[in-house]
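Here's a quick briefing to read alongside the model. Have a look at the fold first, then we'll go through the overall build and the charged pairs.

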Amino acid sequence: MSDTPALPRPDAVPGATTGDSLSGFLYALTAYLMWGFLPIYMKALAHIPPVEVIAHRVVWSVPIAVAVIAWLGRTADLKAALQSPRMLAMGALTAALISVNWGIYVWAIGSGHALDAALGYYINPLFSIFLGAVLLGERMGRMQGAAIALAVVAVGILTWEAGRLPVVALGLTLTWGVYAYLKRRLPIGPNQGFTLEVLILLIPALGYIGWLQAQGTGHFLQGVAWDNALLLGCGIVTAVPLMIYANGAKRLTLSTIAIMQYIAPTMIFLTAVFVFGEPFSGVKLAAFSLIWAALVIYSLPILMARFSRAG
């Protein structure tokens, strides 16, 4: 999530399976639950500017990501990527997109727009279908088209209520949708790809943190132990669920992952309403109901195909 990941191609994930396994389900469930609880963590960082939080997410993700790559024996893949101008260019683009996505997400949680974040992640799979049809010429079924149409109506309702586009939700959807599209075209595994991205972002992140510390406006090592712990923990809450998910994804079918990806936005939605107390008007209920209906319509062909195979 924004943090939720793109659905990987089976051939892009080393050791990908054509069926489901219990270990894969538990890996993926753990990752989605961690993403679901992430807003509570990010809410505790609401007093720190989002750019500073993103910089620490990058810096403290690097040692975890590199350690995992070394443990998996994939350092050769990473070295090859770092020596390839094409891979570096693509990695820089995906790194920029994920940075913007993270920034929108952190700002949304901290400023009382967690519902918008949930909406953005609910729309993500529908936007991915749209991108596939437009950019890859993938055939869109009638039910998929109907689901996308309902999502458009929902966005229209929210725009009418607020008098402006739901920028946060659309920003998360657009940045993650394009990121997912480009990420799937990287000829590298998801763990290696994530490590490549944070390594590319490491120098600007360190430079920004150093500049803040020199100006005396940074929040790290300024005598507040809670801030230090939260910022250090950014690496864990960023890298660990992604790595866990990557190991789960290669043990699950794409149809299973497609259904499980609703866990995190549902938890974000419930947290926004019942923990953060964000206002949930009747108009928002109507819009979210359309989104939920769209996701049911989107999921039905996946479930039907799954049951027919099982039968």
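Is Lys 183 buried or exposed, and at what relative accessibility? Lys 183 counts as buried, at 16% relative accessibility (buried is under 20% relative accessible area, exposed over 50%, partly exposed in between, with a 1.4 Å probe and protein chains only). Keep in mind that this is a predicted model, where local features need pLDDT of at least 70, side-chain atom pairs count only at pLDDT 80 or more, and totals for chains, interfaces and linings use all residues. Residues are numbered from 1 along each chain as its sequence is written, and side-chain values use heavy atoms, leaving out hydrogens and water.

**Overall build**

- You're looking at twelve helices and zero strands (DSSP runs numbered from the N terminus: H or I of at least four residues for helices, E of at least two for strands).
- The chain's radius of gyration is 19 Å, close to the 19 Å that the globule rule gives for 311 residues, so the chain is as compact as a globular protein of that length (the radius is taken over C-alpha atoms, and the rule is 2.2 Å times the number of residues to the power 0.38).
- Along the principal axes, the C-alpha atoms fill a box of roughly 55 × 45 × 35 Å.

**Surface and burial**

- Of the 311 residues in the chain, 49% are buried.
- The accessible surface is about 13,800 Å², and carbon and sulfur atoms account for 70% of that (Shrake-Rupley method, 1.4 Å probe; for residues, only the protein chains shown count as cover).

**Salt bridges**

- There are three salt bridges in the structure (a side-chain nitrogen of Lys or Arg within 4 Å of a carboxyl oxygen of Asp or Glu).
- Lys 183 pairs up with Glu 197 at 3.3 Å, N to O. This pair links distant parts of the chain, with Lys 183 in helix H7 (residues 167-183) and Glu 197 in helix H8 (residues 190-215), 14 residues apart. Glu 197 is buried too, at 2% relative accessibility.
- Lys 284 and Glu 161 form another bridge, their closest N and O atoms 3.7 Å apart. Lys 284 sits in helix H12 (residues 282-310) and Glu 161 in helix H6 (residues 142-162), so the pair ties together parts that are 123 residues apart in sequence. Glu 161 is partly exposed, with a relative accessible area of 31%.
- Arg 74 bridges to Asp 77, with 3.6 Å between the closest N and O atoms. Arg 74 is partly exposed at 30% relative accessible area, and Asp 77 is partly exposed at 32%.
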